[in-house]
Amino acid sequence: MIQHEFIAIDEGHATLLHINEHDQSKNWIVPIDQPAARDMQLIGGNKILIGHHHGYTEFDIMLGRVVKEFSVLVGVTAARRQPDGHTIIAGVGIAGAKGVVVLELDANDKEIHRAIFPGDYVRLIRQTNAGTYLMSCNDCIREGSRDGKYLREFPVEGFYHAWKSLRLPNGNLIVTAGYGAFVVELGPAGKIIRKFGGKESVPEKVRPFFYAMFQLLPNGNIVLANWQGHGPGFGNSGVQLMEFNPEGEIVWSWSKKDLISSLQGVLVLDGLDRTKLHDERDGVMKPWMMI
């Protein structure tokens, strides 16, 4: 029987949950106290970074206590800590700029670099081993350079507010389609290699609505959040966390109608060293240090 320890963002209740299916005495739930919490990263020192509308907040994993808060911006959709202590922040129209903006902040949260891309929509971004950004831009994934240039674009029919993408070592992309409510693996040229998780291939009770944050596990399985709507009252709607195996079969799920409303983010902690910064540049989450 699969059991996980994970952290989830309940966008509907604006709360952060720590769930340990092995030991429920370690569970906690705390308010995020910031709107539109969308991104999440294990940043070392037993801390989790939550990106939100105004910047980011760091929480202690053991207790759910706020360790640090940066909240001076408006419109942030992604936040990624770097090995040198810097933080990458992304959003539309942030810091007084027009377009899709990616800022680099130093360890004291002072801006040291910005890249401005054409466009009016972005959600999560992820960095690649080449130092580029994979950017979720509504109906496509775009890859952008640090100097503000789009290098390539990956449109897929059915993408609507596409949420997150990762590049695998073989060059393929894994993407969640947002309101498209499916997962797709794309080849390096954008050809669909596999597609799964859609309403035609899962039980009706799943209610695929909006496939948001996901995590690729070392065994090739994918855990994702099936967000159900803004605000309270969605706890009984759909199966909100699912794990798919490489064949697209659901092998684990979690949803608690009396505890949650609408989960948008998930980070599985199993096997991760919480004292170290983690990233997904190779697809699977693992410790990340500057080369």
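Over how many bridges do strand E21 and strand E22 pair? The views below take up that question and a few others, using a predicted model.

**View 1. Strands E21 and E22 pair over 4 bridges.** Here you can follow strand E21, residues 222–227, alongside strand E22, residues 241–244. The two run in the antiparallel sense. To find your place, look for Val223, whose bridge partner in E22 is Glu243.

**View 2. An open sheet is built in the order E20-E21-E22-E23.** Step back from the pair and you will find 4 strands with antiparallel pairing. At the edges are strand E20 (210–216) and strand E23 (250–254), each pairing on one side only. As you move from one strand to the next, the twist averages 25°.

**View 3. Another open sheet has the order E8-E9-E10-E11.** This sheet also consists of 4 strands, and their pairing is antiparallel. Why is one side of strand E8 and of strand E11 left without a neighbour in the sheet? Strand E8 (76–81) and strand E11 (111–117) stand at the edges and each has a single partner strand, so one side of each has no neighbour there. The twist in this sheet averages 15° from one strand to the next.

**View 4. Strands E9 and E10 pair over 6 bridges.** Now for a closer look within that sheet: strand E9 covers residues 87–92, and strand E10 covers residues 100–105. Their pairing is in the antiparallel sense. Which residue in E10 is the bridge partner of Ile88? Look across to Glu104, which takes that place.

Technical notes: Residues are numbered from 1 along each chain as its sequence is written. This is a predicted model: local features need pLDDT of at least 70, side-chain atom pairs count only at pLDDT 80 or more; totals for chains, interfaces and linings use all residues. Side-chain values use heavy atoms; hydrogens and water are left out. Two strands pair if DSSP finds at least two bridges between them. Axes are lines fitted to C-alpha atoms, for helices over the stretch in contact, and angles run from 0 to 180 degrees between N-to-C directions.
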